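Hi,

Here is the structure I promised to send over.

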Amino acid sequence: MTDAPPTGHHREAGQYARGMTQFPAVPATPVPAVGARAARALTAEFARQNTATTALLVGADHAGAVVAAAVEALLPGDTLVLVPGERSSADLLRGHISGLGSWVADRVRIVDSLDDAPTADVVIVGEPVTGTAEETRGLIDELTKHLNDGAVLTVATPAGPGRTAGAAAELFRQGSLFGVGSDLVVRNQPPLRVHKLRFTPAQVATAATLAPAYRPSSVPLTRTMHIDSNGVAAAGIALGLAALARRARPKSKLWLLPAVAAAPVAAFFRDPERDVPSDPSAVVAAADGKVLSIERMHDERFGPDEFLRIAVFLSVFDVHVNRSPVAGRVADYFVEEGGYANAMTAAAEHNVAAYTVLDTDHGTVAVAQRTGLIARRIVQRAPVGTLVAKGERFGLIRFGSRTDVYLPADKAEALVSVDERVIGGATVIARWK
C-alpha cells in the first residue's frame, strides 16, 4: 500500500475492524489533517501518565503526527497498541516502528484490526470524526468495549460549521454527559475540537500520579511564557478595532488607542510556566497575588467539617490563570450569584463566585474563583469527573479579583501569612499533616 497524502481520501465503514464489527462510514470528502498541536492535544491524556499505562491508538498513520506524538509520550513501563487506518497498514506501521529503534519497538504493538486490540487506559482516535450522529454513536459504542475502568477516550472533530454530518453535535452531547475536557485547537487546518470522555469513574488516588495536562488554550510565546487564548482573542479584537478606526477615519489618531491597548490587554492573560513542588504533602497557591486572609470556618456546601480557608487577592497586574492547589478529582462545580464589590472588602464574600470541589486523598478541597469590582468573567475548564494534577491550569478570572482555597482544617496547616505574596502553582501555602 502506498503512503497517501494527508488529504484526498475517506475512511469506509469497517476500516479498523473485520468480520461483523462495523465502524461508521465517513462522507467521501478529504479527511481533515491533524497537525502537531492537534496531535499533542489528542495524546495529552497518555502523555500525562507517570505510571505504567496502556494506550490504544485507532486509525494510526505511520507517517502521521498522532503516532509521532504517542511514541514521544512513551515511558519505560508503557505499552502503545496501534490499529492501522486507511492511510497505513500493519506492515507499514511495523516498518516505521522498527526503524525507531529497539527501545520504541519493545513498547509498541501493532495489530491488524480493532478486534485484535486489548483494553486500554487511554484510547485515541487518530483521525477526526466527520460522520453522522448515528455513526458517531456506533463508533463510541465500539470503542468503549476497549476501555478499562476509569479510562479516557479522546476523539477529535472539525470545529468549523458544516464540516461534519452530525458528528460534532453528537460529540458535544456525549461531552455533556461524560466529558472530562474539551480543547479547541485553532492552529490546525482545519481547526479541531478535541473531546475527552470518561464513562466510568477514575480512582481519586490516580490524580496524584499525573502530570499537569497539556492545554491548547495556553499558547506558547517563549519556552517559559505562554498566553491564555482569551488574551489572544482580546488582543485580536483590539487590533481589529484599530484597523477599522484607521480605515474609517484615516486622518484621525484615535486608532492608536486600541492599537496601543492590545499589548497590555494581552499581558493581563500571560500564563508563565511554573515549577510545581514535587513534595506530596505540599499544597500550592491557586493564583498569583497577595494573601488576604487565613481563617478557620464551616461551610455546609462542602461538608459538615471545619475548613481552613486561604484567600488570595489578585490585582489587575497579577497573572490571572488559576491552578489546582492539590491533585484530585472534580466532584462538583457550581456558581453562586451575587454582586461585584471590591474583592479586598468584606462585601466580596457575597460576590459572584464559581466553586470547584475536589475529592482528594485527604478529603474535600474546594477552590472559589470570585469576581470583583473590575473582574466580571470567570472561566473554568475542568468538568466534573476530571482528574487534575497539583499545579494544573483549570481556569482564570479576567482582570483580577480573588481566589479562595478551602482545606480540611484538621488535616492541613497554613505556611503563609496575611499580606504575603504568592505565586500560583509554585508557592507552598499549606502542608498536609
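This is a predicted model: local features need pLDDT of at least 70, side-chain atom pairs count only at pLDDT 80 or more; totals for chains, interfaces and linings use all residues.

Start with helix H8 (residues 229–248) and helix H9 (residues 256–268), whose axes lie 8 Å apart at an angle of about 175°. Because an angle over 145 degrees counts as roughly antiparallel, H8 is described as roughly antiparallel to H9. What does each helix bring to the contact? From H8 come Gly 231, Ala 234, Ala 235, Ala 238, Leu 239, Leu 241 and Ala 242. H9 answers with Pro 258, Ala 259, Ala 262, Val 265 and Ala 266. Sorted by type, the residues of this contact are 11 nonpolar, one polar and no charged.

**The three-stranded sheet**

Next, there is an open sheet of three strands, ordered S14-S20-S18, with antiparallel pairing. In general, strands of a sheet pair through backbone hydrogen bonds. Which strands sit at the edges? Those are strand S14 (321–323) and strand S18 (378–380), each of which pairs on one side only. From one strand to the next, the twist averages 25°. If you want to look at one pairing in detail, S14 and strand S20 (residues 393–397) run antiparallel and are joined by three bridges. As for Asn 322, its bridge partner in S20 is Gly 395.

Now for Glu 45, which you will find in helix H2 (residues 44–47). Is Glu 45 buried or exposed? Its relative accessible area is 5%, and since buried means under 20%, Glu 45 is buried. Leaving out residues up to four places away in sequence, Glu 45 touches Val 122, Val 152, Thr 154, Lys 196 and Arg 198.

The other one is Asp 299, in the loop between strand S12 (289–298) and strand S13 (306–314). Asp 299 has 9% relative accessibility, so this residue counts as buried too. What does Asp 299 contact, apart from its neighbours within four places in sequence? The answer is Phe 307 and Tyr 406. Tyr 406 is 107 residues away from Asp 299 in sequence, yet their C-alpha atoms are 9.4 Å apart in space.

Cheers

Definitions and conventions. Residues are numbered from 1 along each chain as its sequence is written. Side-chain values use heavy atoms; hydrogens and water are left out. Helices (H or I, at least four residues) and strands (E, at least two) are DSSP runs, numbered from the N terminus. Buried means under 20% relative accessible area, exposed over 50%, partly exposed in between (1.4 Å probe, protein chains only). Contact means heavy atoms within 4.5 Å. Axes are lines fitted to C-alpha atoms, for helices over the stretch in contact, and angles run from 0 to 180 degrees between N-to-C directions. Angles under 35 degrees count as roughly parallel, over 145 as roughly antiparallel, 65 to 115 as roughly perpendicular and the rest as oblique. Ala, Val, Leu, Ile, Met, Phe, Trp, Tyr, Cys and Pro count as nonpolar, Asp, Glu, Lys and Arg as charged, and the others, Gly among them, as polar. Two strands pair if DSSP finds at least two bridges between them.
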